[in-house]
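Reader: I am new to this structure. Where do I begin, and how do I read what I see?

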Amino acid sequence: MRALPKIDRGGSMERLWAPWRMEYIINDKPSGCIFCSAETSERDRERLILHRTPLSFVMMNRYPYTNGHLLVAPYRHTADLNELDEAEMLDLFATVRLCRNALQSTASPQGFNIGINLGRAAGAGVDEHLHLHIVPRWNGDTNFMSVLDDVRVMPENLITTYERLEPVFAAIRGTDNISRPL
Ligand SMILES: [Zn+2]
């Protein structure tokens, strides 16, 4: 294995430097809610949006915990689970299932963490717009990380991951998201 760059541990989770992070720092930061700015279908690739359903959409996390870390959000801007109607809840979870299946077929993970962080206290980076996290996991990935003392390694570029996943979603585009899992 190549020698890893020295990092400031500082007691918190650190990520290795990666080129896409520098790209993000240089580019203008999006203003406002990142999930609401995703409403139009222009520049989906640039925004790392992989898939859209009538009520929700799939976006790659720019700061992933693992390769293939996806986010699913309703279009409606709300932080409150109680504001989702039944159609939105069904659509959201069907989309989570779609993400799980797309990741399974492209990256063969051995497990998943799927969940919602509600509120800053729970670790939500964007706490004003509900979203679900789908994080693929592989046996030993935590051991690997602990060996590196809280370093998270992102060996695959975000766009490379996007290009692997996008055709899987494209194949079911236009079909009924809920009754037709991948
Ligand atoms: Zn929003």
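Author: Begin with pairing. Two strands pair if DSSP finds at least two bridges between them. Keep in mind that this is a predicted model.

Reader: What is the order of the five strands in the open sheet?

Author: The order is E2-E3-E4-E6-E5, and the pairing is antiparallel. Strands E2 (49–52) and E5 (111–115) stand at the edges. Each has a single partner strand, so one side of each is left without a neighbour in the sheet. On average, neighbouring strands are turned by 20° against each other, direction ignored.

Reader: How many bridges join strand E4 to strand E6?

Author: Three bridges join E4 (residues 70–74) to E6 (residues 132–137), and these strands run antiparallel. Look for residues that face each other across the pair. Leu 71 stands opposite His 133 in E6. Val 72 has Leu 132 as its bridge partner in E6.

Reader: Which helices pack on the sheet?

Author: Helix H2 (residues 86–107) does, touching strand E3 (56–60), E4, E5 and E6. The direction of H2 makes about 20° with that of E6. Helix H4 (residues 158–170) also packs on the sheet, touching E2 and E3. The direction of H4 makes about 20° with that of E2.

Reader: Over how many bridges do E5 and E6 pair?

Author: E5 and E6 pair over five bridges, in the antiparallel sense.

Reader: Is E6 mostly covered or mostly open?

Author: Count neighbours to decide. A residue is buried if 20 or more other C-beta atoms lie within 10 Å of its own. E6 is mostly covered, with five of its six residues buried. Take Leu 132, which is found in E6. Leu 132 counts as buried because it has 20 C-beta neighbours inside 10 Å.

Reader: Which residues is Leu 132 in contact with, leaving aside neighbours within four places in sequence?

Author: The contacts of Leu 132 include Leu 71, Val 72, Leu 92 and Val 96. Ile 114, Gly 115 and Ile 116 are also among them. Now compare chain and space for one pair. Leu 132 and Ile 116 are 16 residues apart along the chain, yet their C-alpha atoms are separated by 4.8 Å.

Reader: Which residues touch the most other members of the largest nonpolar core?

Author: This core has 25 residues. Val 58, Met 59, Leu 70, Val 72, Ala 73, Cys 99 and Ile 134 touch the most other members. E3, E4, H2, E6 and H4 each supply at least two residues of the core. The largest share comes from H2, with seven residues.

Reader: What is Val 58 in contact with, beyond four places in sequence?

Author: Val 58 is in contact with Ile 49, Leu 50, His 51, Leu 70 and Val 72, among others. Thr 95, Cys 99 and Phe 169 are also contacts of Val 58.

Methods
Residues are numbered from 1 along each chain as its sequence is written. This is a predicted model: local features need pLDDT of at least 70, side-chain atom pairs count only at pLDDT 80 or more; totals for chains, interfaces and linings use all residues. Helices (H or I, at least four residues) and strands (E, at least two) are DSSP runs, numbered from the N terminus. Axes are lines fitted to C-alpha atoms, for helices over the stretch in contact, and angles run from 0 to 180 degrees between N-to-C directions. Two residues are in contact if their C-beta atoms, placed from the backbone, lie within 7 Å. A nonpolar core is a set of buried Ala, Val, Leu, Ile, Met, Phe, Trp, Tyr and Cys residues joined through C-beta atoms within 7 Å. A residue is buried if 20 or more other C-beta atoms lie within 10 Å of its own, exposed if 12 or fewer, and partly exposed in between; C-beta atoms are placed from the backbone.
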